[in-house]
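My entries follow the structure.

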Amino acid sequence: MLIEFNNEVKGYVIMSAYFYLAKMKLLVFLSYRFEVFTSLGTNLIVVLANIYLWKAAYKGIDSVAGVKETQMLTYTIMSTLLASFFSVNIEHALQERITHGDIAIDFFRPISILLKYLAEDIGIAISSILSKLMPLLVIMTVFVQPPVPDSPMAFVLFLLSAVFSFLILWLISALISLLCFWVLQLGEMKTVKDGIVLLLSGKIIPLWLFPKKIQRMIEILPFQYVYQTPLSIYIGKVQPEQAIVPMLIQFAWILLFTSLLCFGWSRARKRVLVQGG
Amino acid sequence: MAFLEVENLVKEFTVTKKKEGLKGAVSSLFHPEKYKVRAVDNISFNIEQGEIVGFIGPNGAGKSTAVKMMTGILHPTMGSVKINGISPHKNRKAVVGKLGVVFGQRTQLYWDLRLGETFELLKRIYKIDDKMYKDNIKMLDEVLNITEIIDTPVRQLSLGQRMRGDLAAAMLHSPTMLFLDEPTIGLDIEAKHSIRNFIKQINERCGTTVILTTHDLGDVEELCKRLIVINHGKIVEDGPLNSIIERMAPYRYLVVELASPHHNLFHPAAEVVKTETLRVWFKFDKSRIAATELISDLSKTYPIRDVSVKEPDIEDMIMEIYKKPVIF
Ligand SMILES: Nc1ncnc2c1ncn2[C@@H]1O[C@H](COP(=O)(O)OP(=O)(O)O)[C@@H](O)[C@H]1O
Ligand SMILES: [Mg+2]
């Protein structure tokens, strides 16, 4: 009885270590004011360009693949909001720690290193909600159109699906950062990955506009589950009762990537070389 | 069972040879030429609780690599480490919770945070309860004056202040064993002094076992009763400071003060190592000739006013290590 109680207390305290890591990253990132303004500027340019593109494409057309112009504009706006929230830092952080040898300190702490980076990235993501997503949402609502969800249920499912999306994206990044343990420098890997996600996730152009053959090929990849799944639910292209299947697939990708990451991590662990004294 | 047991520990690094020029770069991309460096070469020793052990040896001897294996950070190529009977490699989280480490050349503090915020984080990571945390902060304040810098952002700390912060961070969870890898590197005399005092204090007050790698002979002389001397990855000496000096440097110096300047002083059993106008240093092996004999020989031939015998110090010992041939 006493032992069980103790474990509980310990469980709580160690949770609070990850919580504290997230909180501190949140506060630190909120203090980067310049970054906040530049990112708002770029996001505004991107989203306005997309809006005009879609407005032009929809000229004289009522709907494409069952999606109306206002839905498409909501899709584009929400896509930019999601992108500003999906700021994953693990590749950068891990590469820095490895090339400077500071990874040694991480391996010395009695907590999980991967969960540490996840906690920090969650902290950063939450800071992005406050400093990047919210201002953009306000500007869009006032000057373009309020991105209204298809239904309250759609909104709830969207939130859950977007969390899954974040985890998929984070796991892909974490898997790529593991390569650092083998090659030290990731070089352009991150850019390549970002490019692939940009093209194949439906972030800019929804995949239903692609030729059928290509759509089928993209379907077996994880990328569309990062953007298109939550966005389609949000605009009602996928109705709540149909949402269960894509969300289960999201969940399956999370499980697959998590087990790959655990396996890869145990291999990387033995390869750790610490640079410098 | 000793507190720390290191057995036949080996670490090999695989290094890719960089070839020169563009042609070389291309060829090493396709046919990388790899070779192995044995940074730590089969070392074994035991350390008991409460000891302060100095780990010394020239640059590149393998000290840091050994420390990183003992603290579970690096996996050994061969051999084992056991702390309190448990391997930090097989059971990382169970062991490292009771260890502390400070690397003089890098910090474990968060650049973005204030020092106190790093402490708060460590309090959570090591599950330190409020009472122990308070007591330890109080103790660390007495030894390191920590409250003076606790609200300063880490990036604004001077090197000496940062090191004080690092040492405090390593002691917050009352580790039973503390590893210090060149903690005094680059510090001024005053900062060095306070760090030596800190090591002495925590060893006396908390019974913390300390393993200290250093280049600073002052550190060793002031702190370590036992030395482990390492060179080219191998342990060349292990024992009390005095007896190691005795063994590595089994000679004495005879300092002779002359009544008038004299050139070309000579003795068949001793070597002149240094001369000033009226002073000459003879180095002699005390198993070959006794000091008294040397003095009486010299006084027969030269006008001697005064003599003194000097024992070799740790610096002489280090010089001997550098000179020692490498046996592979
Ligand atoms: N990550 C690494 N990769 C390759 N060689 C390394 C690495 N770390 C250390 N070494 C080599 O191992 C040897 C021992 O280094 P180190 O343990 O840092 O020595 P010390 O701390 O005694 O100065 C050196 O020859 C060094 O070049
Ligand atoms: Mg070193």
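**Cysteines**

I looked up A:Cys180 and found its sulfur 18 Å from the closest cysteine sulfur, that of A:Cys262, which is too far for a bond. I took a disulfide to be a pair of cysteine sulfur atoms within 2.5 Å. A:Cys262 is likewise in no disulfide, its nearest cysteine sulfur being that of A:Cys180 at 18 Å. Over all chains, I counted zero disulfides.

I then checked accessibility, calling a residue buried under 20% relative accessible area, exposed over 50% and partly exposed in between (1.4 Å probe, protein chains only). A:Cys180 counts as buried, because its relative accessibility is 0%. A:Cys262 has 49% and therefore counts as partly exposed.

**Basis of the values**

I note that the model is predicted, with local features requiring pLDDT of at least 70 and side-chain atom pairs pLDDT 80 or more, while totals for chains, interfaces and linings use all residues. Residues are numbered from 1 along each chain as its sequence is written, chains are lettered from A and ligands numbered from 1 in the order in which they are written, and side-chain values use heavy atoms, without hydrogens and water.

**Chain B**

I recorded eleven helices and 13 strands in chain B, as DSSP runs (helices H or I, at least four residues; strands E, at least two) numbered from the N terminus. Its C-alpha atoms fill a box of roughly 75 × 60 × 45 Å along the principal axes. Of the 328 residues of chain B, 51% count as buried. With contact meaning heavy atoms within 4.5 Å, I found that 70% of the contacts in chain B between residues at least 6 apart in sequence join residues at least 24 apart.
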